[in-house]
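This briefing walks through a protein model topic by topic. Look over the sequence and the structure first, then read on.

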Amino acid sequence: MDEDLTEGYSEPCGQCGNVCWGLTDAEQFFCKNCHNVIERTKDVVDSSTYSANNRISHFPSGGRKWIVCEGFQFILKHQAEALVGLGVCPEFKKKVLWNFWMRYLQKTRQAYTKNPRITNGSPGDITSDSEPESLALNESSEASDGKLSVCSGSLDAAYYSFAKESKSRHLMTMPRTLALCHLALLWMREAITLADLLRLVSKRHVPYINVHEHFPEEMKIFGKDCKFFIAESIPSYRMVHREASLLAKVMELPTFPPVSQDCLLHPALLCLRYTMDANLPDELHLLVCKVMEKTAMGNDFFLTFDPAGPKQRLPCYDLQAAALIIVTMKLLFKLDDQTECKMFSLRRWYMSVQPALESAREREEQAEARQAWKSKKPVVPNLKNKTLVLKRRRVVEQLQSNFHTLTGSTMEQQPPAPSSFLFLWGTEEGADGPSLHHKRLAFLMEKKGRARCLVNRKYWHPALRLCHPRECREHFLELESSLPRMYVWLLGLFSFLLGVSQAQLHGEVIQVERRLLRGKGMR
Amino acid sequence: MDDIEAELNIPQAQAESESSEDERIQKTLKPPGLLHVCRESGFHKSVRLCLKAMRDAMLHHRWQEAAQYLAAYSQSLEDSTTQKQLIVSEIIWRLGTEILYHHPNSKLEDFNALYERMKNSGVKNYAKICLEHSFHLLLNGHFHESKQQLSVAASWRYGKQSATQSLLLKLIHAYCGFLDYFIWCMKRSSVAKVGEMMLLSNREMHTYFRQASVTLQQIISQPGVWDPFILSYIDMLEFYNDQEEALNVLQNYAYNKDYPANPNAHVYLYQFLKRHNAPNIKLIRTLKVLCSLVPSHELILEYCSLLLNSDVQEDLQEALGVAMNLLDYTSWKTNVNAWNCLMNILKLLKIIIFKKCILYEMKNQIAFVVLKLTIIQDQASNGERPIYSKIVSEILFQIHDSEKNGTKYPELFCTNNTKKVQFFFSGCSSFYTGTYLHKRRNKDFMTPNLEYDRPSFFMVTPLPTRRLVLFIDSRLAGLQPQC
């Protein structure tokens with residue numbers, strides 16, 4: 001019996017009755033006679049004997065030294081690979097994202113520069129490597145003392161965590177990786193909008209949660225690294241958007257390639273996609289294009305992002321497209337809960353979409369409830385808790401396997417294939433409802449003299465003036481109870497499609513209305 | 001108000017919760033505003049939704065779905081915040097056992113596995129879970145495994161023992177003894193099949209008896225309510241013919257002031273004395289205490305019959321009081337045996353000389369009781385009515401009969417048709433009337449103040465009336481049970 005390890009545990013084994021205990025690698029007690037493993041582990045015995053002096057000797061051997069940037073580089077690499085796998089052009093990974101990353105490192109003075117400020121600020125000359133897979137580390141930068149490296153797998157985690165430093169230096173964080181990807185996708189004018197990107201992340205098609213599982217074996221994460229690499233939330237649309245604007249400014253990017261009519265990001269095409277998803281008639285698209293012309297939201301100048309220019313505003317293509325659709329519907333149907341009768345097709349449309357929307361929301365909630373957040377490879381925050389963390393992980397896995405065998409379901413639920421559309425309309429199996437794409441909207445226009453005008457002559461809108469010239473916060477929450485229910489429901493539908501909040505979408509709608517009703521270009 | 005800062009600080013705040021002591025002190029110096037602004041992380045939101053969905057599924061008895069949600073919920077055991085940790089392991093334990101209990105495919109191994117896992121995650125619930133595990137095994141007939149669990153639990157020591165833990169450990173110790181008794185019972189029944197001779201020479205059985213008696217004696221000597229343990233100990237002592245010890249134990253349990261008042265103690269003592277043919281006096285004494293504790297106990301009828309059989313005068317009076325008390329309780333109101341008992345008492349009372357005085361005092365009570373009885377009679381089923389009407393008429397007959405000897409008081413007129421009864425109560429200063437009618441059969445029957453075919457009844461609150469007057473139809477002779 002391993003007396004020193006098992007500390008004189010002398011209960012007879014449940015299966016064979018012998019008292020002969022050993023310790024497995026995972027620090028569980030096992031009977032040497034019949035190899036029966038019991039639940040008792042060393043932590044019950046050992047925690048009192050742990051002392052600070054033992055820390056150094058527990059340093060995991062076999063790992064190489066790495067810094068936090070390298071970690072982020074790996075993460076970006078995996079995210080790029082996932083996106084290329086979903087259909088993005090391969091140049092995205094090799095050229096665009098990599099160049100952005102290099103430029104970022106340069107501008108924040110972490111690498112590719114004469115005096116990189118890492119660890120204790122010791123000067124080191126880091127030459128750029130033609131091999132994009134790894135960053136070569138200069139010997140002199142190992143000046144960090146051994147005490148820091150024991151608390152984390154990477155070398156400079158302690159330095160990285162000084163909050164003051166990170167804010168002024170714009171160090172990389174997990175949400176910023178997504179922002180960088182978004183900028184790169186925008187540069188390439190790919191069809192994946194920010195809302196799509198976030199949805200892909202939440203369905204685990206793009207690695208973000210538990211991405212440390214993809215790290216190579218030599219790069220061990222523990223201790224303070226957790227703060228940087230372990231994310232427990234998917235960042236919101238607004239947050240990533242702000243980070244992207246910030247990054248574009250920090251990186252001093254030039255004007256982006258123009259977004260023109262033939263691009264997939266153009267509002268015309270995005271509107272088409274959203275009207276199809278919302279089961280609206282295809283004819284609506286023509287009207288939306290007309291509104292777009294009126295507000296001059298379709299021209300290149302408006303849509304192209306220019307970080308250095310006077311506006312410095314990163315456009316939200318998806319939100320704008322949805323806002324245009326909503327404004328068009330307001331023009332056509334008035335949407336004030338009072339106009340009736342002739343708009344019967346609106347009611348039919350509502351009756352077909354509402355149940356589908358409700359069931360989609362429920363499914364979404366159920367999927368979120370069953371979402372797995374914790375990784376199979378648990379990361380140890382500090383060495384004292386190592387056995388505890390390992391034990392918990394083991395207990396969780398055993399519980400899960402027990403209950404899965406009980407219910408007969410499999411452990412690994414494959415996520416459904418990613419799709420640009422949330423709903424399926426038509427008569428196929430699994431459709432959410434009958435398709436209304438073919439409906440005519442001609443009755444909504446009438447001839448008056450030579451021109452055709454809308455039947456609906458009135459239009460309502462909330463106050464369009466900005467409270468403050470610079471920062472007008474959303475007033476949706478105050479207004480919400482006074483807005484017509486049909487309008488609020490419509491906001492709910494499109495915000496569910498895009499994965500943003502209703503308040504945000506409402507803000508975009510107000511902006512479109514401003515342009516429409518007060519003339520383009522005016523505030 | 002800037003969202004970015006709050007969201008960026010979320011991972012920092014969470015990861016720092018398991019930092020060392022000195023860092024924790026540093027953390028508390030941070031401005032609290034930032035920490036409160038932290039919104040719920042995606043992980044916590046998922047866990048919260050999962051718990052809500054699991055609860056819904058359980059309340060609607062969708063056990064399959066609930067099991068799936070529990071599998072997803074178990075990831076919250078890895079939550080880094082310690083407060084949630086403790087709650088989570090308890091939730092998983094309790095909900096998990098509930099789901100397993102109702103799920104059609106669950107087996108004993110699943111229960112065992114769940115209990116083992118949850119015992120070792122967190123020390124707070126160890127003793128409780130051990131107890132529950134052993135109860136579960138006990139209920140499924142696995143006595144030896146149950147005993148094993150308890151002995152492992154009894155020898156467990158970790159950290160400081162809180163007050164509740166010491167209570168639980170006492171309970172574990174008690175159930176250890178109890179399980180020894182169970183196993184002894186098993187052995188006894190298996191050996192009894194073999195033959196009488198074997199009973200005395202079976203060593204294993206005796207070891208269990210010794211173990212059990214040592215443990216149980218220790219437990220019973222502490223003040224508390226130990227009903228099942230007492231019974232098992234007495235059973236064993238009786239088997240080995242140690243009556244004296246058994247009697248001592250029971251008397252101590254019943255009469256010792258340190259122990260909380262427990263009617264069962266007296267019941268057990270009474271049953272023991274009865275089994276061993278104790279004299280009536282002793283039995284009466286025992287039941288007297290019980291009567292004072294629980295006047296509506298089911299043994300009170302036996303008490304009454306004991307009192308009736310004794311020759312002492314006071315006993316009979318007491319019997320009447322006890323019986324009347326008993327009939328006040330709702331659970332006894334419809335019990336025919338109780339009413340019969342009362343009838344017997346009254347019959348006996350009739351013979352006794354002091355009956356007038358007793359009757360005078362008891363009259364108001366009797367009348368009220370009779371009133372209630374007729375109400376019950378009316379509500380009773382057709383099969384029971386004859387019994388009730390017989391009892392009513394008998395009682396009234398007794399009273400009337402006794403009244404014929406001179407007292408002025410109640411004038412009772414019984415009717416053969418007990419469906420129609422009219423009561424007339426007079427109080428001290430005023431007159432209360434109650435009429436209770438059914439459709440009557442004989443139309444030529446006339447009594448004053450009758451209202452025909454009006455099923456109304458007003459009965460005023462039972463004030464302690466001194467005089468009662470009961471008017472009933474004068475067909476006293478035709479007193480027969482009739483519907």
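How many residues in the lining of the largest cavity are nonpolar, how many polar and how many charged? The lining has nine nonpolar residues, one polar residue and three charged residues. The model is a predicted one, and every value below was computed from it.

**Cavities**

- The count comes to 13 cavities of 30 Å³ or more.
- The largest cavity has a volume of about 130 Å³.
- Of the 13 residues that line the largest cavity, Pro281(A), Ser345(A), Leu346(A), Trp349(A) and Leu441(A) are the closest to its centre.
- Two helices of chain A, α15 and α16 (344–369), each supply at least two residues of this lining.
- With four residues, α16(A) gives the most to the lining of the largest cavity.

**Helix α9 of chain A**

- Helix α9 of chain A covers residues 194–202, and eight of its nine residues are buried.
- The buried residues of α9(A) are Leu194(A), Ala195(A), Asp196(A), Leu197(A), Leu198(A), Arg199(A), Leu200(A) and Val201(A).
- The cover over these buried residues includes six helices of chain A: α3 (68–85), α8 (174–187), α11 (237–250), α12 (267–277), α15 (317–333) and α19 (485–498).
- After α9(A) comes Arg204(A), which has a positive phi, near 65°.

**Salt bridges**

- Side chains of opposite charge can pair when their charged atoms come close.
- Over all chains, the structure holds 24 salt bridges.
- One of them joins the side chains of Glu513(A) and Lys330(A), at 2.6 Å from N to O.
- This pair links distant parts of the chain: Glu513(A) is in helix α20 (residues 502–518) of chain A and Lys330(A) is in helix α15 of chain A, 183 residues apart.
- Glu513(A) counts as buried because its relative accessibility is 1%, under the 20% cut-off.
- Lys330(A), at 1% relative accessibility, also counts as buried.
- Another salt bridge is formed by Arg393(A) and Glu397(A), whose closest N and O atoms are 3.2 Å apart.
- Both residues lie in helix α17 (residues 386–407) of chain A, four residues apart, which is about one turn of the helix.
- Arg393(A) counts as buried at 8% relative accessibility, whereas Glu397(A) counts as partly exposed at 31%.
- In chain B, the side chains of Asp235(B) and Arg188(B) meet in a salt bridge of 3.7 Å, N to O.
- Asp235(B) lies in helix α13 (residues 227–239) of chain B and Arg188(B) in helix α10 (residues 163–194) of chain B, so this pair ties together parts that are 47 residues apart in sequence.
- Asp235(B) is partly exposed, with a relative accessible area of 22%, and Arg188(B) counts as partly exposed at 22% relative accessibility.
- Salt bridges that share partners join Lys77(A), Glu81(A) and Lys93(A) into one network.

**Cysteines**

- The structure holds zero disulfides over all chains.
- For Cys271(A), the closest cysteine sulfur is in Cys289(A), 6.9 Å away, which is too far for a bond because a disulfide needs the sulfur atoms within 2.5 Å.
- Cys271(A) counts as buried, at 1% relative accessibility.

**Glu78 of chain B**

- Glu78(B) is placed in the loop between α5 (63–73) and α6 (82–102) of chain B.
- At 11% relative accessibility, Glu78(B) counts as buried.
- Leaving aside neighbours within four places in sequence, Glu78(B) is in contact with Lys374(A), Pro378(A), Arg392(A), Arg393(A), Val396(A) and Gln85(B).
- Arg393(A), one of these contacts, is also the salt-bridge partner of Glu397(A).

**Chain B as a whole**

- Chain B has 22 helices and three strands.
- Of its 483 residues, 47% count as buried.
- Among contacts in chain B with a separation of 6 or more, 61% are between residues 24 or more positions apart.

Notes:
Residues numbered from 1 in each chain as written. Chains lettered and ligands numbered in written order. Predicted model: local features only at pLDDT ≥ 70, side-chain atom pairs only at ≥ 80, totals over all residues. Heavy atoms only, no water. Buried < 20%, exposed > 50% of the residue type's maximum accessible area, 1.4 Å probe, protein only. Contact = heavy atoms within 4.5 Å. Salt bridge = Lys/Arg side-chain N within 4 Å of Asp/Glu carboxyl O. 1 Å grid on protein atoms, 1.4 Å probe; cavity = no way out; pocket = protein on both sides within 12 Å on 5 of 7 lines; lining within 4 Å. Points joined across faces, edges and corners; volume = space filled by probe spheres on them. Nonpolar A, V, L, I, M, F, W, Y, C, P; charged D, E, K, R; others polar.
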